[in-house]
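Biologist: I would like to go through the aromatic rings. Please set each value against its cut-off.

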Amino acid sequence: MCRHLGWLGEPRTLADLVLDQPSSLLVQSYAPRRQQHGRVNADGWGVGFYASDRPRPARWRSDRPLWTDSSFASVAPVISSRCVLAAVRSATVGMPIEESAAAPFTSGRWLLSHNGVVDRSVLPADRAAESACDAALLAAHVFARGAERVGETVLEVAGRDPTARLNLLLTDGDRLLATTWGDTLSVLVDEFGVLLASEPYDDDPRWRDLPDRHLIEATPDGVAVTPLEPTL
Ligand code: GLN
């Protein structure tokens, strides 16, 4: 499983969000605290973020471990954004290790990251997918169905692959959407904004663990958590 994180709120630097916290994504790339599948996240990393004069996000991705990227460490303290989505990757066995397989994936204004695994044969072959890895095919499928409908799409994919783990994290720059389906996710709300993360990056007592099989929507107005199971 990979680890991912999304921020929406006052502008923060990429270094503050990704590198500098006691258990930041940088630390999670070699010593995650809650990871159940895989030990390190050294098969690439990526960050997407929004600038105020530009609706589409900018991305920086790599197929190498985050801890080797001294150029990113040099510029990260001087890039700030009010909406950031970042991930470190532990490739599922058999998946390609390449920059285009590292989250976040993108379509238009949207960014998407996947923690988990899904049988590629249950997903449509999509020429818009950025890579042949399962996460990129899933991202293309979610985008094709409409990113706002990610909850329905997760239920549909889980119905076709009951062993899939489908923790997704998306943003369009104005809100964060996430699903929990087989892995951990935590939320921290403070006076500056909201953070969703596979695991807490520090020991702040305000972190809350989110329940499995739920859809989470975070906006400047609050965080909504709704069950994903179809109602009987
Ligand atoms: N299956 C996806 C990949 O190979 C995500 C892996 C993960 O969550 N560790 O990239």
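Biologist: Why is tryptophan 60 called partly exposed?

Modeller: Buried means under 20% relative accessible area, exposed over 50%, and partly exposed in between (1.4 Å probe, protein chains only). Tryptophan 60 has 28% relative accessibility, so it counts as partly exposed. This is a predicted model: local features need pLDDT of at least 70, side-chain atom pairs count only at pLDDT 80 or more, and totals for chains, interfaces and linings use all residues. Residues are numbered from 1 along each chain as its sequence is written, and side-chain values use heavy atoms, with hydrogens and water left out.

Biologist: Is phenylalanine 72 buried or exposed, and why?

Modeller: Its relative accessibility is 1%, so phenylalanine 72 counts as buried.

Biologist: What makes the rings of tyrosine 201 and tryptophan 207 an edge-to-face pair?

Modeller: Rings of Phe, Tyr and Trp (its six-membered ring) pair if their centres lie within 6.5 Å; planes under 30 degrees apart count as stacked, over 60 as edge-to-face and the rest as tilted. Here the centres are 5.5 Å apart and the planes stand at 85°, so the pair of tyrosine 201 and tryptophan 207 is edge-to-face.

Biologist: Why is tyrosine 201 called buried?

Modeller: Tyrosine 201 has a relative accessible area of 4%, so it is buried. Tryptophan 207, with 10%, is buried too.

Biologist: How do you know that the charged end of arginine 12 sits over the ring of tryptophan 7?

Modeller: The rule asks for NZ of Lys or CZ of Arg within 6 Å of the ring centre and within 35 degrees of the ring normal. The charged end of arginine 12 is 4.6 Å from the ring centre of tryptophan 7 and sits over that ring.
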